[in-house]
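Keep the viewer handy and hop between the topics as you like.

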Amino acid sequence: MKKNNIILLLSIIGILISFPSQWYPLSLKISLTSLFGANDYVPLPGSEPQESTNTNEAVCPEDLSGWGNKQTIEGIEINESRTCVSDNPFLVAASVLGTNNISNETLSKSGLSSDAIEKGRDLDGDGDPDEIHIKLEIAELNGSSPISDKPVTTYDIAPGIQPGLWVFAPKLAGMAVENFETQVARTSLKIPSPALRVEQGDIVEITIQNTHYMPHTLHLHGADHGFLDENGEGNDGVPIASEMPILPGESRTYNLKPRKAGTMFYHCHVQPHVHVQMGLQGLFIVEENKPNNYLQTMNVGAGKVRVPSQTSKQSYDSEYDIHYMDIDKELSSRIQESNDPRIVTKSMHRDYDITDANVDYFTLNGRSFPYTFRESLIAAESGKKAKLRLVNGGSKGISFHTHGHKFKIIERDGVPLNETQGTPQDVLWVPTSQRYDIELNFTNDGTNSYGPGIWLFHDHQNKGVTTDGIGPGGNISAIVYDEFLDDDGWPISKGMNLNQYFSSDYYDKEIPIWGDIAPEVSSNPKDDIKLIFRLILLAMFFGIFFSCILKLITKGRKK
Amino acid sequence: MSYLKIFILTIFLLSSFSARAQMNHHHDMSDNNGGFVMNENIDRLPNGCEAIRSEKSITVYASKKYATGVPGIVYGMSDYEWNVEPCSKITVTFINEDNVRHMWMIHELPKYLYPAGMFHIEALGGKSQTGTFITPSEDKNYLVHCDMSQHMEMGMRGQIIVGKGSGDLWSVTGITDHLYRASYLPQYIIFFCVLASIFGFILNAKLVKKERKG
């Protein structure tokens, strides 16, 4: 018993000594200060060493197949694309001529199915085909597999970021992945769904071949189309108003003969609060009827239009389809959590509550920074002009902003605006699903342009320039003048080393910001080893203390 | 003509002096291109001092480079503590090696000599300033700091000890600890503490069992 008391006393002394003085209450600290003065200096823990960023991918992969070059395929002149990564020019040529009007070699190089884009007769005799039949499939990217714990048919919006996605895809021939050895989706399987281009007055058929495991439809938002087609079947894609959804393995054809030109939109209208956000959305562009107007019917993943329309060529030096999206990882991850379609269906349409949702990823033409710098830069030349057809397909508005330029709005939702509304501006609020046609003039006059440089354009809402809260990310891209673009199409920048962003570690929050330029003041602090040791000692004395107290109590009871 | 010129000049000078006097209503300020010294005192004796007992020159460098090697601070000074005699004349040369403004200022000096109890040197980026003050007769520790927002908190905090001083101030860089020191602990610390307390508990229980057996 005596021994227990001694141990109890020792444990109390141990507790008092090992209790960290920095945790004393303020009043005690002050009274101790008046007796002994301030505590001696104990250096704060040092900084963790800065690990070198292992960039495991080429920042600007070499264009080995020369896809970005200006070239002529089957008589179709395909404009140069100055970015690191460019669209497949054979797919562009097939889009222009129709998969039924090209050689087998071009068809094979395009990767399209032989009936993906069929072009028929020239009905008005103006030198271009007016019967257009487009076939779209529905593909899932970054979905789950019963034989793998990793996503399959992968598509990275940013390094290491693979949200589950759905897209209307061009009807392809062959595998969904690049080859047998990889799970990476082939280049024409990407978000957003392809921008479609038809001519005013064309007889257009769009067949949705539902290759997915859930019901879907096609809704032609803003484009002139009948509620019912010629056969009296639903043509608006709305299950609660016009038709039943297209079930997996089934196919339906939508018809239209648009009377008005303009930038429109298309998307799935089955459970749209979920399906549109998953990626089933694309630009639908109706070009003015002009002679010899061979259009690039599909612009896969949006971006630079390699074969612009006659109208565009008359007024602009280049044209870009600009498609913004946002992604909620709480939704997109649901297709990755199970491989059972019943569980996924319930999880997405019953468990997911969009009214409590927040978006995490922000994409421009299907990618977030730094990948946008690879494929979505706008290459500028002083004195020239570009046309942007912009849509916000995200669930939240965007505050579109250009550095170094004031742009003019030409059309809104496919309707021309009068002159006064075309006043130059540098911020444009674009609500969900709204389209704007914008003129960017690269003339250095203090309004249109402030001169050559690397000028960012992005959503000016702060979260829009992040990837799940990590910046720089989101939909940042840039207008880059010729003299600031190297031969590979990479911007000759003067700021931070851009290589560090090409690492999944960066977006995993593993790399301290400014660790490379100011390590002492911004690297993570090390743990306080002395304090850890003290706390473990303290905990041990507490254990001894409690066991002594317990013994005292039990002894007392026995007596 | 020349008379008129002199007349205009005189009026101009007078008016600028009066404006300056208004500006310095509270503080005596000597200003030049590199910054300024406020409330300089080269000859007025504090109460309790019969004469200037000694003279001392101090040179202080300020820059972010003096923060190198001191974890957790951003701005630093070449020294953070100075021991001086009471009733002594201290000439401080403050050399700013950064490209932004810094200050070296003392508080709680006698208000009858130093308005607001302050002696204040401010040097612009890359410039130096020299100023003189006279220490009071009693032993005391005075706070020395830079009053740019967050500069004191991020390292530019020192003390000047007159005579034997009156006890160290808290958070003097390199001299004393923070009054509120952050705890740099890993998340797993709770697990280890629980383990350690169980170990202590069992250790004691075993010891007593042995005692019983014995």
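Where the two chains meet, chain A puts in 36 residues and chain B puts in 32. Keep in mind that this is a predicted model. On the chain B side of that contact, 19 residues are nonpolar, nine are polar and four are charged.

**Chain A as a whole**

- Chain A holds 13 helices along with 26 strands.
- Along its principal axes, the C-alpha atoms of chain A fill a box of roughly 110 × 60 × 50 Å.
- How much of chain A is buried? Of its 559 residues, 44% count as buried.

**Two domains in chain A**

- The domain assignment of chain A lists domain 1 as 1-37 + 503-559, and domain 2 as 91-314.
- Going by C-alpha atoms, the centres of domain 1 and domain 2 of chain A are 63 Å apart.
- Which residues make up their contact, in numbers? Domain 1 of chain A supplies five residues and domain 2 of chain A supplies four.
- On the domain 1 side of that contact in chain A, you'll find two nonpolar residues, two polar ones and one charged.

**A five-stranded sheet in chain A**

- Chain A has an open sheet of five strands, and reading across it gives the order β10-β12-β13-β8-β14, with mixed pairing.
- Which strands sit at the edges? They are β10 (219-221) and β14 (298-299) of chain A, each pairing on one side only.
- Strand β8 (residues 195-199) of chain A runs antiparallel to β14(A), and two bridges join them.
- To find this pairing in the viewer, look for Ala195(A), which stands opposite Asn299(A) in β14(A).

**Cis peptide bonds in chain A**

- What kind of peptide bond joins Phe369(A) and Pro370(A)? That bond is cis, with omega about 10°.
- Pro370(A) belongs to the loop of chain A that runs between β17 (361-364) and α10 (372-375).
- Another cis bond leads from Gly471(A) to Pro472(A), and here omega is near -5°.
- Look for Pro472(A) in the loop between β25 (454-459) and β26 (477-481) of chain A.

- Lys509(A) isn't a glycine, yet its phi is positive, near 70°.
- This lysine, Lys509(A), sits in the loop of chain A between α11 (504-507) and α12 (519-522).
- Is Lys509(A) buried or exposed? Lys509(A) counts as exposed because it has 11 C-beta neighbours inside 10 Å, and the cut-off for exposed is 12 or fewer.
- Over in chain B, Cys87(B) is another residue other than glycine with a positive phi, near 55°.
- Cys87(B) also lies in a loop, the one between β5 (81-84) and β6 (88-96) of chain B.
- Why does Cys87(B) count as buried? Cys87(B) has 21 C-beta neighbours inside 10 Å, and 20 or more is what it takes to be called buried.

Methods: Residues numbered from 1 in each chain as written. Chains lettered and ligands numbered in written order. Predicted model: local features only at pLDDT ≥ 70, side-chain atom pairs only at ≥ 80, totals over all residues. Contact = placed C-beta atoms within 7 Å. Nonpolar A, V, L, I, M, F, W, Y, C, P; charged D, E, K, R; others polar. Helix = DSSP H or I, 4+ residues; strand = E, 2+ residues; numbered from the N terminus. Pairing = 2+ DSSP bridges. Domains from an automatic or database assignment.
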